[in-house]
Amino acid sequence: MKKHPSLWLLVILIILTIVRFIVASSLYLSPDEAYYWVWSRALDYSYYDHPPMIALWIKTGCLLWGNTELGVRFLGSVAAFVGSFFVYFAVKDFNRHHSDSRQKAIIAVLLLNATLTVGVGGIIVTPDTPLLFFICIMLWACGRLLYTKSVQYWWVIGASAGLALLSKYTALLMIAALGLWCLFTKEGRGYLKTKELWGGAILAGFIFSPVIIWNSQHQWISFFKQGGRAGDWNPNRALQFLSELLGGQIGLSTPVIFICFCIGLFYLTRAVWQRKCNSGSYLLWLMVVLPVFVFIQHAIGDRVQANWVGLLYPVLVVIAGLYVTKWLKTAIVVGFSIVSLVYIQAIFAIVPLPAKKDMLLKQLGGWQSFAQSVNAAVPVDCVIISDNYGLASELRFYLPDRQIMAIGNRWQYFSLPSSNLTEGYFIRRQRAKELSFLTVGKNDYFVSPLNPLGYAPRGNVARIQKGSIAQAYELYLVNLSPDLIIKRESKFLPY
């Protein structure tokens, strides 16, 4: 008896999820993941860098699996699994009037999971992880609205839009695209007369309101930090930034899938130009073109991080599923092959790479053994101090019984206990030149010359994985007497 294609898709997604759980539990946390885990230990309405959703996700996972790598990453793998079904049904709705809608939906789901954005995002959690999940729900709700004409789906669109904004501010680009669709299409203008659309908009604003409240109490710092980039202007480096943007997308989507994205977008753009597309296809086009225009504009002034564009991938796989007929199977095979190689390299490091070029080693290598080396080098009654948020967060995660102090302006926006100890060991990345006094960056953090041995390193530790040194560090004994002046905010990190 022949198996139903959708059943095979379910089996593939279950296997993928199990593999992601295994990989997620086998890799040490990246510095950013450890930093977001610290957020989950001090829940708030928002944070200096991003809205609070990632902290809530990590908190939920850790309640289920404890303060472990799997606990931190658990919901990322679950979101990749569940979000795939929203994409599946979105494609069916956007292609409802064609007999091959199921096949196109399966192709779109496999394309999405074969990208590095989802393949790695399913195991390494960042604010992009919940963002993509809620974009998938929003996309599905838009498809349902267009196919069923039921205005009740505006409530789902509003809720998913608000939750996406609660994950990352770039969700605003998708919401703006939806707003333009409502203004520029006859069908969209008809919905502007419904109370459900405005009710959904109010619901989105209500869900996002904690972030507004928090920013109003903290000098709007998060809005200024993220929104302040929009005014950057550096055309002399535009070619470099644009090439980096292009290269990043080829890498994160994987090369053949990127070609499929471009082909699908080309055919959709031609249909829009020739006015041969329906309002649903026009909505998909706006959801890609508007963000792309913003990212290109930003690249003229500053670097666009490759992961920023990831929110477009659920829409792009829908477009590819609808408009691309060739290269799809090759794209899926090549994509999954690349993702598999990344998983294998991350766990086993079978390909010897120079330490300076091995990004997996730099981000994930040797954190637990490194933390134990620091623990052995620093007396138990001394606090461990760092001005690098990622390093401090890693030590906090892997040294649950030690006091960890973090220094930096960002920490003044966290509700954490301030420091009052008398002595500690400052850890920093090893520099080529030994300093006789402690200067970090442009600021002298410790300006009290009370250490009788001077500020020469008191020890060295290295972060090593499988014989490769990811990073070397220096330890300094610093006197935290009442005469000491610390020029930046210092807080203890909770476990």
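## Helix α9

In α9 (171-184), the buried residues are Ala171, Leu173, Met174, Ala177, Leu178, Trp181 and Cys182. Buried means under 20% relative accessible area, exposed over 50%, and partly exposed in between, with a 1.4 Å probe and protein chains only. Helices (H or I, at least four residues) and strands (E, at least two) are DSSP runs, numbered from the N terminus. The buried residues of α9 pack against α7, α8, α10 (186-191), α11, α15 (279-299) and α16 (313-323). Contact here means heavy atoms within 4.5 Å.

α9 has 14 residues. From first C-alpha to last it reaches 20 Å, close to the 20 Å expected at 1.5 Å a residue. The expected span is 1.5 Å times one less than the number of residues.

## Model and confidence

This is a predicted model: local features need pLDDT of at least 70, side-chain atom pairs count only at pLDDT 80 or more, and totals for chains, interfaces and linings use all residues. Residues are numbered from 1 along each chain as its sequence is written, and side-chain values use heavy atoms, with hydrogens and water left out.

pLDDT is the predictor's confidence in each residue, from 0 to 100. Its mean over the protein is 87, and 89% of residues reach 70 or more. Confidence is highest in helix α8 (residues 153-165), at a mean of 98, and lowest in strand β6 (residues 490-492), at 79. Over residues 432-445 the pLDDT is below 50; this stretch has 33 contacts in the model beyond near neighbours in sequence. Residues 447-454 also stay under 50, with 13 contacts beyond four places in sequence. Where pLDDT is low, the predicted coordinates should not be read in detail.

## Helix α7

Helix α7 covers residues 128-148. Its 21 residues should span 30 Å at 1.5 Å a residue, and its end C-alpha atoms are 30 Å apart, which agrees. α7 is mostly covered, with 19 of its 21 residues buried. Lys149 follows α7 and has a positive phi, near 65 degrees.

## Strands around β2

Strand β2 (residues 404-407) points Ile404 and Ala406 one way and Met405 and Ile407 the other. All four are buried. Strand β1 (residues 383-386) pairs with β2 in the parallel sense over 3 bridges. Strands pair if DSSP finds at least two bridges between them. Ile385 has Met405 of β2 as its bridge partner.

β2 also pairs with β6, in the antiparallel sense and over 3 bridges. There, Met405 has Phe492 of β6 as its bridge partner. β1, helix α20 (residues 389-398) and β2 make a right-handed β-α-β unit. Right-handed means that, with the strands pointing away from the viewer, the path from the first strand over the helix to the second runs clockwise.

## Aromatic pairs

Rings of Phe, Tyr and Trp (its six-membered ring) pair if their centres lie within 6.5 Å; planes under 30 degrees apart count as stacked, over 60 as edge-to-face and the rest as tilted. The count comes to 35 aromatic pairs. One of them is Tyr35 and Trp411, edge-to-face at 5.8 Å centre to centre and 85 degrees between the planes. Tyr35 lies in helix α2 (residues 31-40) and Trp411 in the loop between β2 and β3 (423-429), so the pair ties together parts 376 residues apart in sequence. Tyr35 is buried at 2% relative accessibility, and Trp411 is buried at 1%.

Tyr169 and Phe208 have ring centres 6.2 Å apart and planes at 85 degrees, so this pair is edge-to-face. The pair links distant parts of the chain: Tyr169 is in the loop between α8 and α9, Phe208 in helix α11 (residues 195-217), 39 residues apart. Both are buried. One aromatic cluster is formed by Tyr35, Tyr36, Trp39, Tyr47, Tyr389, Trp411 and Phe414.
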